[in-house]
Amino acid sequence: MRKLLFLIIFLTCISIHAQDKFTISGTVKEKESLESVIGVNVYFPEISKGTVTNEYGFYSITLTQGEYDLMVSFIGFKPIQQHLNLTENTKIDFLLEEDAQSLDEVVIKENTSIADLKSPEMSTFKVPIKTIKRMPVVLGEVDILKSIQMLPGVSNGGEGASGFNVRGGAADQNLILLDEATIYNSSHLFGFFSVFNADAIKDIKLYKGGIPARYGGRISSILDIRQKDGNKNDFHMNGGIGLISSRLLLEGPIDKEKKLSFLVAGRGSYAHLFLKLANEPNSAYFYDLNTKISYELNDNNRFYLSGYFGRDVFEIADNFNNNYGNATINLRWNHLFNDRLFSNLSLIYTDYNYKLNINSVGFDWNSGIDNFNIKYDMSYYATEKTNLQFGLNGLRYIFNPGKIVSTNNSSVNNQQLDKKYANEAAIYLDIEQNILPKLSLRYGLRWSYFNRVGEQPLPLYKDDLAVIYNVPRGIYQPASPIGVEDYESGESMASFNNFEPRFGLSYQVNDNASIKMGYNRMTQYLHLISNTSSPTPLDVWAPSGKYIDPQKLDQYSIGYFTNLKNNEFTIETEVFYKDTQNRLDYIDGADLIANNAIETVVLAGDARAYGLEFLLKKNMGKFTGWFAYTLSRAEQRVKGRTPIESGINQGDWYKTGYDKLHDISVTAQYNLNKKWDFGASFVYQTGRATTYPTGYYIYEGVNVPIYTNRNQDNLPAYHHLDISATYTPRKNSNRKWDSQWVFGIYNLYARKNAASITFRQNDDTLQNEAVKLSIFGIVPSVTYHFKF
């Protein structure tokens with residue numbers, strides 16, 4: 001690694017002009033809290049050059065000796081202007097003050113729009129936390145995942161569905177990171193709320209395409225969420241009290257030197273308490289905890305210890321108990337070698353665990369996944385035209401598909417499904433260059449390696465086919481093992497390695513418009529085995545191995561971006577095409593629960609998604625918001641492996657469970673005055689793909705449905721309108737207490753969206769009938785927010 005670093009620095013340095021060049025570097029923080037700020041624009045207008053702060057608030061740019069006007073700007077903060085005579089390497093730290101004029105307006109200066117248009121980054125979105133907090137939500141609980149589903153190319157699985165889908169990808173193809181730690185289940189209460197407490201979050205960034213080489217492991221999108229560091233200036237407390245949940249955040253300095261700070265944020269629901277008061281034996285609730293300690297040893301070294309702990313509990317009387325949740329812990333060390341070379345070392349542990357107890361049957365079920373991750377990332381700000389990012393990481397996975405323990409002297413047999421183990425490693429290089437005044441490139445390469453290892457007995461199948469085709473019946477069936485091969489602990493069972501190139505280009509047509517293109521190849525070694533369109537806690541995570549190959553994706557995108565009327569409006573239009581190999585689908589009649597040989601019920605095929613995305617944003621003024629429209633198609637195909645096999649759906653393309661032909665989202669916010677803000681959002685999506693019966697036959701007096709092509713039908717269209725009003729009482733100048741009341745109505749016109757449609761035989765008429773399940777009608781809410 002040291003030789004690679006030396007070579008990169010040497011090759012870059014020889015391209016520097018003979019003129020004297022000096023580096024300006026430093027950090028940008030909020031003045032009130034000393035919290036580092038991500039994505040701040042540091043810009044030099046007269047030469048049209050600049051940079052942005054990284055994930056830890058650090059910036060660096062190298063320029064020719066001379067005099068410059070420097071501008072620092074970020075949404076919601078007052079811009080800073082400073083004249084600079086650059087004659088030596090200079091360190092300048094900036095403190096940003098909030099713009100009290102309008103904290104939620106997206107105030108874009110000309111220099112900021114030029115920097116955005118110049119950057120080859122595309123298919124990427126950042127949504128300010130303040131904007132998210134004023135968007136209407138169900139039951140008044142601020143939801144980060146619901147907010148990103150208002151963006152083009154992002155959809156959900158329907159009412160009450162967990163996870164989200166990006167450009168026709170499955171929910172398990174999204175890498176969700178909280179302070180770099182992987183979150184395997186992103187929802188509370190089976191999809192009603194997200195696991196992210198907005199009070200504890202500093203930054204949210206979604207990558208749909210053009211994904212940098214530093215990210216890997218998933219093929220559809222990256223959702224990178226960063227927690228706050230904790231206020232180093234003063235002790236603060238804020239929270240909210242809602243109808244079914246409340247939250248509280250505490251943060252402040254630990255030492256007088258303001259080098260050490262803490263943050264603790266807790267959240268929980270309590271609707272189950274009202275159920276118990278009403279003598280209702282059933283209950284459902286969640287809780288989570290965000291923690292962080294930040295320590296600034298000196299100007300060159302910072303340490304962060306952060307964690308997340310969340311749990312969901314669902315009970316039906318004394319007969320059924322289901323609880324599941326994520327836990328993460330992350331230790332990071334930032335080190336600044338010099339004014340151009342920045343590094344971050346992370347040690348990360350993630351645990352996802354699922355437990356189920358059914359007393360009426362007499363067994364406990366316990367499953368989960370653990371992973372350990374070590375990452376070392378470096379950023380080298382070579383010149384004003386060239387930045388490099390490079391690093392490596394290694395992961396260790398432990399999969400527990402399930403352990404069954406008999407209880408209450410039941411006849412259920414104790415069983416431990418075979419645990420699975422794997423190691424993953426990667427090394428990457430990302431380069432961003434301004435080739436010409438109007439042309440910028442980002443290109444990189446990631447090499448990934450995955451090794452499935454023992455200890456585990458591995459079933460052997462004839463011709464290595466875990467699924468066989470029954471020719472007379474025309475169906476696929478699990479194969480029977482012909483033997484077992486035992487692997488010792490750490491012994492390699494199967495290994496894969498892949499090169500993953502990334503490329504992005506931006507050509508600035510004029511001062512207000514640019515054309516961008518992107519390509520990325522991604523590899524995913526983990527698979528979520530499910531027969532539902534959105535994840536459930538009982539779904540099985542399986543690693544690639546002898547019988548399951550990794551998923552591979554090639555994505556191409558091109559877009560046109562423009563700012564209008566002095567940046568008051570922004571239009572972004574993109575076209576994309578995604579081609580996926582080795583996407584798994586289950587065979588008809590597959591048994592996925594407690595299956596110790598999951599490879600016997602799945603087949604690998606191809607998937608494709610393509611579409612058009614349009615986004616119109618209004619950035620300034622009392623009225624802000626956006627209109628998003630996506631026209632897309634997501635399809636899958638599993639062809640027969642031999643000429644006599646039918647494949648799934650006769651080997652033809654069929655819609656995936658997350659195909660949405662039309663997706664419209666409208667978000668609006670209006671600032672009436674200092675006391676009142678109003679918000680509204682509207683969503684319309686094509687109904688989820690499903691399979692309806694085309695007929696039935698009678699067997700022993702029971703109507704048995706007949707199904708033909710998979711996912712050839714759709715549920716009714718999904719849509720709803722939500723509104724909110726935020727009242728901010730006038731603050732007493734002598735008091736430190738701030739408060740807000742948020743009133744909301746979810747699903748204003750009481751649309752009965754179909755979560756599912758099932759078919760049954762009516763007991764009275766003996767006729768077949770369709771039954772629609774709807775979760776929400778109209779849902780009012782009120783939440784009280786406070787800050788001290």
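Predicted model: local features only at pLDDT ≥ 70, side-chain atom pairs only at ≥ 80, totals over all residues.
Four strands make up an open sheet, in the order E3-E2-E5-E6, and their pairing is antiparallel. Strand E3, residues 49-52, and strand E6, residues 80-86, stand at the edges with a single partner strand each, so one side of each is left without a neighbour in the sheet. From one strand to the next, the twist averages 20 degrees. If you look at strand E5, which covers residues 66-73, you will find that E5 and E6 pair in the antiparallel sense over seven bridges, and that Met71 stands opposite Gln81 in E6.

I turn now to the asparagine, Asn498, which is found in strand E34, residues 492-510. Is Asn498 buried or exposed? Its relative accessibility is 8%, and because the cut-off for buried is under 20%, Asn498 counts as buried. The side chain of Asn498 makes a polar contact of 3.0 Å with the side chain of Tyr525, and another polar contact, of 3.1 Å, joins the side chains of Asn498 and Lys552. Leaving aside neighbours within four places in sequence, the residues in contact with Asn498 are Arg446, Trp447, Ser448, Thr523, Tyr525, Pro550 and Lys552.

In one of them Lys202 is bridged to Glu35, with the closest N and O atoms 3.5 Å apart. Lys202 lies in strand E16, residues 201-207, whereas Glu35 lies in the loop between strand E1 (21-30) and strand E2 (41-44), so this pair ties together parts that are 167 residues apart in sequence. Both Lys202 and Glu35 are buried.

Another salt bridge is formed by Glu384 and Lys49, whose closest N and O atoms are also 3.5 Å apart. This pair links distant parts of the chain, with Glu384 in the loop between strand E25 (363-381) and strand E26 (386-406), and Lys49 in strand E3, 335 residues apart; E3, you will recall, is one of the edge strands of the sheet. Here Glu384 is buried, with a relative accessible area of 10%, while Lys49, at 24%, is partly exposed.

In the remaining pair, Glu568 forms a salt bridge with Lys618, and the closest N and O atoms are 3.3 Å apart. Glu568 sits in the loop between strand E38 (551-564) and strand E39 (569-586), and Lys618 sits in strand E40, residues 602-618, so the pair ties together parts that are 50 residues apart in sequence. Glu568 is partly exposed, with a relative accessible area of 22%, and Lys618 is buried, with 18%. Salt bridges that share partners also join Glu35, Asp179, Lys202, Asp229, Lys292 and Arg332 into one network.

Finally, the cores. Which members of the largest nonpolar core touch the most other members? Of its 39 residues, they are Leu151, Phe164, Phe196, Ile204 and Leu223. At least two residues of this core come from each of helix H3 (129-133), helix H4 (144-148), strand E12 (174-178), E16, strand E17 (221-227) and strand E41 (623-637). Not counting residues up to four places away in sequence, Phe164 touches several residues, among them Leu145, Ile148, Val154, Ile176, Leu206 and Leu223. There is also a second, separate core of 22 residues, which includes Tyr352, Ile369, Ala422 and Leu526.

Definitions and conventions. Residues numbered from 1 in each chain as written. Heavy atoms only, no water. Pairing = 2+ DSSP bridges. Axes fitted to C-alpha atoms, helices over the stretch in contact; angles between N-to-C directions. Buried < 20%, exposed > 50% of the residue type's maximum accessible area, 1.4 Å probe, protein only. Polar contact = N/O pair within 3.5 Å; in protein donor to acceptor, adjacent residues only side chain to side chain. Contact = heavy atoms within 4.5 Å. Salt bridge = Lys/Arg side-chain N within 4 Å of Asp/Glu carboxyl O. Core = buried A, V, L, I, M, F, W, Y, C linked by side-chain atoms within 4.5 Å.
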